[in-house]
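Could you walk me through a few spots in this structure? I'm new to it and would like a plain tour.

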Amino acid sequence: MLNIRRDICGYCGACVSVCPEGALELIDAYLTVDHTCIDCGICEKVCPLGALEVIKE
Amino acid sequence: MKRQYDLLIIGGGPGGALAAKTAVEKGLSVCLVEKRPAIGAPVRCAEGIGKELLTDFLPPDPKWICTDIERAELIAPDGFSMLLEPRMAGNEVGYILDRKVFDRELIWKAAEAGAETYVKARATAPIMKDGAVAGAVIEQHGKIYDVHADIVIAADGIESKFARWAGINTTVPLREIETCAQYLMTGIDIDSQKTSFFLGNEVAPAGYVWIFPKGDGIANVGLGIGGGKSGAGHRAKDYLDRFVSRMFPDGKIIELIIGGVSICKPLPCTVADNMMIVGDAARISDPITGGGIYNAMYTGRLAGETAVNAIELGNTKKASLMPYDSEWRASKMGKALDRNYAVKEVFTKLSDEKLNTIIHSIAKLNLEEFSTLTLITELIRANPSLLLELKHLRSFL
């Protein structure tokens, strides 16, 4: 699953643009992820601050 | 908020503002929604724009111009600096804006002309009718409104979702996004009329570092790196912290600005039935510089004009909106996007040694003008084999 570190996220939306599934959404000042996330980790790489982490279950 | 408008615009940046102003001045009823509580904030921009490009839209105003840039400096990976004087730098010289004020001014002009504007109002879904967009569901202050419109313009920026919800794939490939971090710094020793660009895989792989002065001792100091180069321990902010501690150890950081800039090809088609896509949402920022303010304003204005014509004709289907897509592609801006994409594909793959060779050789020329064309010529001079790899570059010479 994708963990969003809200304490680190700067809500810039870079991750939203690269998400192949359209699973992320930037709602004003917070980021959300929905059930379509496939844990591909692309957003984790692109984040300029390191706010996203895919947690292997 | 009414239930029906001629034109509904999603997003209150420069693209949405120009679309709104253009359309409302020609008599359309226009509603613009911005999901943020404030227009212009938070800033996600280095704030530079070419002088000629800006004056295409409005006369320069000291209210939102921080600095008037006279010179530019390009610093090679080996530290060699090449100075571009105004006569050479052409469009690369310009203004550094205060986007918080600038964006408000653009929206204010649209509102003054009669556009309705709503903040903290977010489009949560398109309203679809017979497979085509017919408006949007808007959420504001806990209430939900079904807002119908003949045409919807998606001006929702890099994190654009609207076009995607309506069935258009807007995904930016990882290697074709620049992931960026910037500090607004004060107390730094800089030339306030000179922009600086640092190249090299050490400072910003597949990107560059910029210093854009906003006043005496104040500047946007930022960088972008290729998305493919980013990861744990080597993110945009890591590179920026290293650069800043080396260059400006005593500077004070008064703002952190982050964001993504697409450097991919534009969306294959920027219109659909009853819908147009403008600005960053259409993936039309410049693949070399990352600049997107002008491109957003230009496509916003053009989409506004196209909406007026289509509604006058009583046909807002895709074919009727196609002139928007074909016109921007054929424009000077569209051609520059094509050319700069081809150049970017070469540039982002160059080793530091090659970058050094190219910058040293450009500096030796007595250039009348510095432009992307000069860059292409020199790229090929330094790497004749590139022409074979990228035959299409030849067509730009």
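Here is a short tour of some helices and a few residues.

## Before we start

This is a predicted model, in which local features need pLDDT of at least 70, side-chain atom pairs count only at pLDDT 80 or more, and totals for chains, interfaces and linings use all residues. Residues are numbered from 1 along each chain as its sequence is written, chains are lettered from A and ligands numbered from 1 in the order in which they are written, and side-chain values use heavy atoms, with hydrogens and water left out.

Let's begin with α1(B), which covers residues 14–25 of chain B. Helices here are DSSP runs of H or I with at least four residues, strands are E runs of at least two, and both are numbered from the N terminus. α1(B) packs against α4(B) (residues 99–112) at about 20 degrees, with the axes 8 Å apart. Those axes are lines fitted to C-alpha atoms, for helices over the stretch in contact, and the angles run from 0 to 180 degrees between N-to-C directions.

The two helices α1(B) and α4(B) are therefore roughly parallel (angles under 35 degrees; over 145 is roughly antiparallel, 65 to 115 roughly perpendicular, and the rest oblique). Nonpolar covers Ala, Val, Leu, Ile, Met, Phe, Trp, Tyr, Cys and Pro, charged covers Asp, Glu, Lys and Arg, and the others, Gly among them, are polar.

## Helix α1 beside α7

α1(B) also packs with α7(B) (residues 293–313), at about 30 degrees and with axes 7 Å apart. That pair, α1(B) and α7(B), is therefore roughly parallel too, and here α1(B) makes a right-handed crossing. The residues of this contact divide into eight nonpolar, four polar and two charged.

Among the α1(B) residues that meet α7(B) is Thr22(B). Setting aside neighbours within four places in sequence, Thr22(B) is in contact (heavy atoms within 4.5 Å) with Arg301(B), Gly304(B) and Glu305(B). Thr22(B) counts as buried because its relative accessibility is 9%; buried means under 20% relative accessible area, exposed over 50%, and partly exposed in between, with a 1.4 Å probe and protein chains only. The Thr22(B) side chain also reaches the backbone oxygen of Leu18(B) at 2.6 Å.

## A strand residue: Asn220

Asn220(B) sits in strand β15 (residues 218–226), and at 1% relative accessibility it is buried. A polar contact of 2.9 Å joins its side chain to that of Glu47(B). Such a contact is a pair of N or O atoms within 3.5 Å; within protein, one must be able to donate a hydrogen and the other to accept it, and residues adjacent in sequence count only if both atoms are side-chain atoms. Beyond four places in sequence, the contacts of Asn220(B) include Trp210(B), Phe212(B) and Tyr183(B).

Ser320(B) is in helix α8 (residues 318–330) and is buried, at 15% relative accessibility. Its side chain reaches the backbone oxygen of Asn315(B) at 2.5 Å. Ser320(B) and Ala204(B) are 116 residues apart in sequence and 44 Å apart in space, C-alpha to C-alpha.

Glu345(B) belongs to helix α9 (residues 332–347) and is buried, with a relative accessible area of 15%. Its C-alpha atom is 9.6 Å from that of Cys264(B), 81 residues away along the chain.

Terms used. Left-handed = near helix turned anticlockwise from the far one by under 90°.
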